[in-house]
Amino acid sequence: MLRVCLRGANAAARQCVCGKVAGHPPLQHCRRYTSAGDSGVSAGKIVAASLLTVGGGLGGTIIYAKWDPKFRSNVEKTVPYSDKVFGMTLGPPPPPVIVPKKPAKVEPLQISSVSEATKDSKQPKKEKKAKEAAPPPEEAPAVEEAPADAAAPPPPPPAQTIEGECTECAHEPATLKERPAEEVTALLAAKDAAEQDTLASISSNLDETLGSSAKTTMAAIGAQEAALAAIAVHTEKLKEAMDEEGAADTKSAQWRALEEALNERSKAVDEAGAALLRARDELEKLKGVITSAKDTNIDAARPQVLAAEENLHNMIVDLDKVVGKVQLAQSEAKIVSQYSDLVNEAKAQFQKELDSITPEIKASWKGLAGKLTTDDLNSLIAHAHRRIDQLNRELAEQRVREQIHIETALDQQKLEHQKALETAVLTALEHNREEMRLEQEKKVAEVREVMEAEMRTQLRRQAAAHTDHLRDVLKVQEQELRAEAEETLTNKMQEQETHYRRLTQEQLDAFTLDMNAAYARLKGVEEAIDSHVIAEEEARKAHQLWLSVEALNYSLRTSGADAPTEPLEAAALAVRESCADNEFAQALATSLPTESLSRGVYSEASLRARFQDVRKLARRVALIDETRNSLYQYFLSYVQAALLMEPEQERPPERLSPTDLDTFKLLSYACYSMERGDLELAAKLLNQLTGEPRRVAQDWLNEARLTLETRQAISLLSAYANAVGLGTTQAP
Amino acid sequence: MDEEYGRKWDRCLADSAVKIGTGLGVGVILSVLLFKRRTWPVAFSAGTGLGMAYSNCQNDFRSPYLLHGRMVKDQ
């Protein structure tokens, strides 16, 4: 755009010029018109065109910048005030768009934290719940929590129950006052003695009563049996008397015997009854004794009691049996006697009748067969017939009534049978009940015995455990006490030992202190002497070094105007020899550059002289840089050197700025410093040259460097030698 | 160092003199023989010579570390 404008301007200028040159006469008015017109039209056209292009370019740039922010930033970077223009027209640049990574990451974190928060919040709730009465665990949150909860509630309730029990246990001992052991044993012993006494008494009682009751029962049974026998005899006799028709004598004898037997029987029965009563009384007494023994509740007496009861029962049973037998016999006898009574009655009746008929004939009518008359016989036969008829009638009546009689008799019999059955059943039940009771009691006694034995074993076990526990506790206590005693003993011992040790240590310390002091003084003396020797040695060495360095320094001055000095090798060798053991000096001596050793160095004056030539040449090739430009450039630099005027010497500033790195400036600085004798600064400045001037000055720089190095080393050495000498010399 | 510079210039000048002279001569000959005594061959070859000399000089200056050897003839 600029070029276009320039071209346009040039073209316009040329045209103007041409217009001026073209013709003189037409130039006047032509100039006026043409210059005005042409220049006006063309100039206006050109100006308009240029304005248009400029405006178009600017507008296009702005619009594209609005669309593409990268382009906008590029333009802002490159063109200086474009950012202001863009700010005015488009507004502030859009902010940089950062990819939203963080919010996405934050969200999952939040969620997890929320879940964790809920978990945490639920956990204390759960704990509270578990602390209360054990509720059923909730399902929702996590599987691990459920087992934890399941585990948590069971421990608290057992703990609670245990606590309750513990409190109860705590209460109990408070209420019960523990009696002392002796009292307990005394009481127990007294109890045992009392028990023993009662037991003895009971047993003796039981035995006595048992014996007496047994005796009486036996007697009763015997009596009953005797009665039974008597009854049987009597019945037999009666039967005999009834049946037999014997002589009057035998009859009366029989009757008498019968009477006797009857008497005996009655006596025996009475006796039996009395004995029975006695036996019953004894049994009652025995029962009383047994119950009293049971009441005393002594275990040892139990088997005896049980045996007594059994005996009692047996005796009762026997008695009852016998009594039953007797009763049976009695009933039989009754029947027989009834029968005999009946028979007697009939006989008497017949006799009466007979007497009424034949009063003359007396008792024993059987022997009167010859004495009787026919009337008597007829009346007797008639009476006999009448009697037979009557008897037949009675028989028939009897037969008729037989059934009824039998029925009534059966009923009676049934009733009596029933009664007897009932009584028998009752007695049997009683007996059975008694037997069952006895068996039960026996079983109870057995079980009790077994239980007693078991309890005894358990108690024994508990006692054993108790003794074990006591033993352990005692052992532990013993150990503790022993440990305590030992501890106190060791402490005391240690105290004593430390005291003793301290005393001995103090003594030793004092002695060693004196010894050390003496030894130290001796050592000090020795060291002083040694140091003196060393110092003198050092002084000698330093002297030597100094001498050699001075020689080296002198050799530096042997340089000619343009020739270097003589080679410094010999002097350096001397220096090295004199400082053989000193590392610092050795390093310095070896740091001398080999060129200086072999060839020698140039003096400063010669370098100064050379510098001027270098300066001239550097000026001449100032424009040539590292790319080694064309000959034209060489020509230009020559021209520049010829034309450029700069002060020959200019004082160099403290700090070099980039503008000072111009060749001419550097050269003038270097010249100034050279004239002042500052070779080092000149070398530094010349080192800043670039391109061809640098190459030109390279040789000179090398030489300068060598000289500087050598001089530096030597100055250091001499300084060092001086220092060493100063250090080792002693004040007078 | 500085002497080398001077030496280079000497060489350059000598070379350019030789080349221009040679060019002139060749040009004259060519113009006389082939191009009917026109001036342009002379100018052309002189210019060629000058150009060659210029180029040589430039190269020499641009390669400062290139040593110039001399052929030692066996005798």
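A polar contact is a pair of N or O atoms within 3.5 Å; within protein, one must be able to donate a hydrogen and the other to accept it, and residues adjacent in sequence count only if both atoms are side-chain atoms. Between chain B and chain A, three residue pairs are in polar contact, both residues at pLDDT 80 or more.

This is a predicted model, in which local features need pLDDT of at least 70 and side-chain atom pairs count only at pLDDT 80 or more, while totals for chains, interfaces and linings use all residues. Residues are numbered from 1 along each chain as its sequence is written, chains are lettered from A and ligands numbered from 1 in the order in which they are written, and side-chain values use heavy atoms, with hydrogens and water left out.

The interface comes next. Twelve residues of chain B are in contact (heavy atoms within 4.5 Å) with 15 residues of chain A. The two chains bury about 1400 Å² between them, 63% of it on carbon and sulfur atoms; buried area is the accessible area (1.4 Å probe) that two parts lose on being put together, summed over both. Zero salt bridges are found across this interface, a salt bridge being a side-chain nitrogen of Lys or Arg within 4 Å of a carboxyl oxygen of Asp or Glu. On the side of chain B that touches chain A, H1 and helix H2 (40–62) of chain B each supply at least two residues. H2(B) gives the most to that side, with five residues.

Chain A has 19 helices and zero strands; helices (H or I, at least four residues) and strands (E, at least two) are DSSP runs, numbered from the N terminus. Of its 732 residues, 23% are buried, where buried means under 20% relative accessible area, exposed over 50%, and partly exposed in between (1.4 Å probe, protein chains only). Among contacts in chain A between residues at least 6 apart in sequence, 67% join residues at least 24 apart.

A:Gly691 gives a local view of chain A. This glycine is found in the loop between helix H18 (679–687) and helix H19 (692–728). A:Gly691 counts as buried because its relative accessibility is 6%. Leaving aside neighbours within four places in sequence, A:Gly691 is in contact with A:Ile624, A:Asp625 and A:Glu626. The C-alpha atoms of A:Gly691 and A:Glu626 are separated by 4.4 Å, although the two are 65 residues apart along the chain.

In chain B, B:Leu30 lies in helix H1 (residues 2–33). B:Leu30 is partly exposed, since its relative accessible area is 32%.
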